[in-house]
2 protein chains.
Amino acid sequence: MESKEVPDIVVARLPLYLRALSALQDGGRPVTSSNEIAEWLGMTSAQVRKDLSYFGEFGKQGTGYSVAGLIERVRTILHIDHEWPVVVIGAGSIGRAIAHYSGFADRGFRVCGIFDADPLKVGMLISEHEVQPLDELTERVHRHAVRVAVLAVPGSAAQSVAELLVISGVRAILNYAPVNLHVPEDVRVENIDPVLHLQHMTYYM
Amino acid sequence: MESKEVPDIVVARLPLYLRALSALQDGGRPVTSSNEIAEWLGMTSAQVRKDLSYFGEFGKQGTGYSVAGLIERVRTILHIDHEWPVVVIGAGSIGRAIAHYSGFADRGFRVCGIFDADPLKVGMLISEHEVQPLDELTERVHRHAVRVAVLAVPGSAAQSVAELLVISGVRAILNYAPVNLHVPEDVRVENIDPVLHLQHMTYYM
């Protein structure tokens, strides 16, 4: 359904559309419009229509979009019409926050294991997960066909753990370590570093 | 120094350059090149040179960039040549992880207070901060001239707390709640929602 010519910036907005649509659905709204979605996201309705037009026809002229229908289409486009198992590496404060995060449910992801290199953390219960030793990571990733990982280890360990993840079959890494990872071209990395976002904002202040 | 015509996507990369440069400096490198920076970040050197050219001349032809000099320039451009006090709202698992986060030091930000609406959390010690009640937020923000906040409250509370922050004088909100905030035009919001990043990556898988 997607095309290779969709700009990445448009792809990056699809999860925001989905989040807004889910909020509308939770509020009991059966139908919405590009105007309404735009208002939710602080964009123009022309931009919303242009973004969605990359993926074909979504609504009927004059009747708006079916919220449930649009949610289903966007979920299919993002490949989250099924659930992805996710491993979390690092049982420190960030790893624990992720394991406790309630926002994964119904959004395409499910934490299936937490790993740490520290023997003192192995065996700890976090949410419903018992922390596993790092040397069981490869076997677990293989067994569950895990392709997605959250990396929440110290910066000094991040590159070597990333390499272990890649060897094990992971193809998408959400990196909380404040370092730039070097991975093969077919592996995607997104970085979450609060300081990057703060510095981006202070530029404008 | 900055110009209004700098594309936001270029501004967003400056913190990444700074992070790479700091790593080079920590490794003892006095001089670097656009090639080396590009390699660190998985970009092309032409892109690095083009990005930096928005902000004037940085290096001398053939001699590369002084790492310390470039760091200082980028810090000035991002307005982090001084330290911004930051309030954290929400003493749940995300707020605690942020308070414990060691990555703020020397990167322009310093947590100056943590607040929570829950009387059971008020008084808790997190890192070196005693959790304060939410009704002291406005006074604290005024007193310390705080302009930057991290919002780590449940989605249902996020909008009302954001409005309180804005009234108190905050102009940049890093939002961990999985909802879209509505704020005045002169207030910047960046969202950290791990699911948005995961969904962005699964599009390509």
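**Reading the interface and a helix pair**

Reply: Across the interface of chain B and chain A, the rule finds 4 salt bridges, a salt bridge being a side-chain nitrogen of Lys or Arg within 4 Å of a carboxyl oxygen of Asp or Glu. This is a predicted model, in which local features need pLDDT of at least 70 and side-chain atom pairs count only at pLDDT 80 or more, while totals for chains, interfaces and linings use all residues. Residues are numbered from 1 along each chain as its sequence is written, chains are lettered from A and ligands numbered from 1 in the order in which they are written, and side-chain values use heavy atoms, without hydrogens and water.

Me: Which residue forms a salt bridge with B:D193?

Reply: Side chains of opposite charge can pair when their charged atoms come close. Here the partner of B:D193 is A:R107, with the closest N and O atoms 2.8 Å apart. Over all chains, the count comes to 14 salt bridges. The pair crosses between chains: A:R107 lies in the loop between helix 5 (93-100) and strand 4 (109-116) of chain A, and B:D193 in the loop between strand 10 and helix 8 of chain B.

Me: How many residues of chain B are in contact with chain A, and what area is buried between the two chains?

Reply: Contact means heavy atoms within 4.5 Å, and buried area is the accessible area (1.4 Å probe) that two parts lose on being put together, summed over both. In this model, 59 residues of chain B are in contact with 59 residues of chain A. The buried area is about 5,700 Å², with carbon and sulfur atoms giving 66% of it. B:R19, B:Y203 and B:M205 supply 14% of the area that chain B buries against chain A, more than any other three residues.

Me: At what angle do the axes of helix 1 and helix 3 of chain A cross?

Reply: Helices (H or I, at least four residues) and strands (E, at least two) are DSSP runs, numbered from the N terminus. Axes are lines fitted to C-alpha atoms, for helices over the stretch in contact, and angles run from 0 to 180 degrees between N-to-C directions. The axes of helix 1 (residues 8-26) and helix 3 (residues 45-53) of chain A come within 10 Å and cross at roughly 110°. These two helices of chain A are therefore roughly perpendicular to each other, a label given to angles of 65 to 115 degrees, with under 35 counting as roughly parallel, over 145 as roughly antiparallel and the rest as oblique. Helix 1 makes the contact through A:V10, A:R13 and A:Y17, and helix 3 through A:Q47, A:V48, A:D51 and A:L52.
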